[in-house]
Amino acid sequence: MRVFASLLVFTILLVHGALLGMTDDEAYYWFLAQDPGLGFAFHPPGVVWLIAFFQKMFGWIFGAATPGLARLPAFICGAGIMWLGLGWVGSAAGVSGRPRTGIAALVIGAYAGVFAAAWMIVPDLPLFLGWMLLFTASWEVAKNQKCDAVSFLMLASGAAIAMLSKYSGVIAAGSAGLAILIWGGSARLHALGAIAAGFVLGILPPLAWNIQNDWGSLMYQLRDRHGGGGFSGVRWLKFWGSQLLLAGPALVFFTGALFAKGITGFRYRKGTGARVLFFVLVWMLPHALVFCVQPAWSDFKPHWAFVVWLPGALYLAFVAAGGAARVWRNVHVAYGLLFGALAILMCHVPLLAWFNVSVLGRNFDPRWDVTNDMHGWKGLRLFLDSAEGGRYRALPVIGSRYQTASQAAFALGDAVGAHRVSFIPRSAKERAEWPESGVTDGFGPAWPRLLKPVLFVTDNRYSAPPAFMQAECGVAKELVAMRWSYEARRIKLWFCSPS
């Protein structure tokens, strides 16, 4: 059942993800993978290295710009999370029978915030995989009070993968270290050494990049992204609303009940069940103190807090495999599977547009549906391959947002080549990520002077026109992508030449 559940997750993600265009951020990570480095403007290099590795292995078969291949590491991470989660439930609950393992798989898979989005190749997926490696390995050390070769390797690789994925991986490494300090016994030193070794291996590449680039990505994550917000109760309520929607109300309230249960029973509860509960709380509390408090003072993204509910989902799978918490289990599974199926369906069918236009009878802005971001960009390549677009085919392609530049690069792929696409204007920390195409007298952050003719791209989400100095620009072509009878994306191609 453990193998079947993991393969099922992989297959669903593969079939779904291979049929969709890339999201803006996915296209950006794919572009970076064409020339991988030690770090990048916003994150450590882990997700970029993964894309580059699998592209090197299989790109000669499927082509470089193929959504299924670019997302292959995400599919593997999703299946790995399920595999490790079921392994932990089996170890903690002593469950080996097929029906009970199947119940645990349903509970874990019903965490829609993770598995309904596990087809996207973003840094959070390898982070969750590293988290799971640390979680399961530290449990084995705590349970057996020994650190064998397998546990040592899992701890080291988990810490390295987490730190190479996102800087918040330090919290996962800290939780693993705390659990081992509390329950590791005579294996503490060996296990902590494994975590330290993996942490150092994972932090060295982005640290080297930051030293060479004025600490760009670290300052962005620690200062720029969270500074200047101030307390806002409304924003905090929006955060909790997003978690109830994406993680599911049953999982959020069940996890909250675990906090109360752990606090009230800390001194009195003993036995295997209590040990599992307190182990889960050690993993949950540090992440909750960061990701559930931070939105009150600065802007947030809902998926940052998904790691808070992950140990809650694992604990719910643990008790459900033993036949307990049936109401929590049933509500969580029903909501999660329904929400996950709806989220996946909306990627292929324009349900929001249909509902607004056909049911509510009102106009619908395609920007309201984020699934539209995965549609329309292939029209750029088709146009440049046509007779009408032939005169623009050899021109460098420029975007003034990394989103539009990255989508153009992926759409052109082998046809024109990602090396002909650039992002102008850009900041100093982003300079090395994009080619110096020689079409301007600088790269930014202000608009530079145009030296050679270029093709400039905008879309309906990032629609600001080009503003090169000493240049004349006009719309050469407008591409409109439809989903059913509803507009999904409008791309403008501007021809710019020096004046």
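Gly63 follows helix α3 and has a positive phi, near 95°. The model is predicted, so local features need pLDDT of at least 70 and side-chain atom pairs count only at pLDDT 80 or more, while totals for chains, interfaces and linings use all residues. Residues are numbered from 1 along each chain as its sequence is written, and side-chain values use heavy atoms, with hydrogens and water left out.

Helices are DSSP runs (H or I, at least four residues), numbered from the N terminus. Helix α3 (residues 46–62) bends by about 50° at Lys56, the bend being the angle between axes fitted to the seven residues ending there and the seven starting there. Its buried residues (under 20% relative accessible area, 1.4 Å probe, protein chains only) include Val48, Ile51 and Phe54.

The whole structure holds 35 aromatic pairs. Rings of Phe, Tyr and Trp (its six-membered ring) pair if their centres lie within 6.5 Å; planes under 30 degrees apart count as stacked, over 60 as edge-to-face and the rest as tilted.

| Pair | Centre distance | Plane angle | Class |
|---|---|---|---|
| Trp139–Phe279 | 5.2 Å | 70° | edge-to-face |
| Trp183–Phe279 | 6.1 Å | 50° | tilted |

Trp139 in helix α8 (residues 124–144) and Phe279 in helix α15 (residues 272–291) are 140 residues apart. Trp183 lies in helix α10 (residues 169–183), so its pair with Phe279 ties together parts that are 96 residues apart in sequence. Trp139 and Phe279 are buried, and Trp183 is buried. One aromatic cluster includes Trp139, Trp183 and Phe279, with Trp88 and Tyr315 also among its members.

Methods:
Helices (H or I, at least four residues) and strands (E, at least two) are DSSP runs, numbered from the N terminus. Buried means under 20% relative accessible area, exposed over 50%, partly exposed in between (1.4 Å probe, protein chains only).
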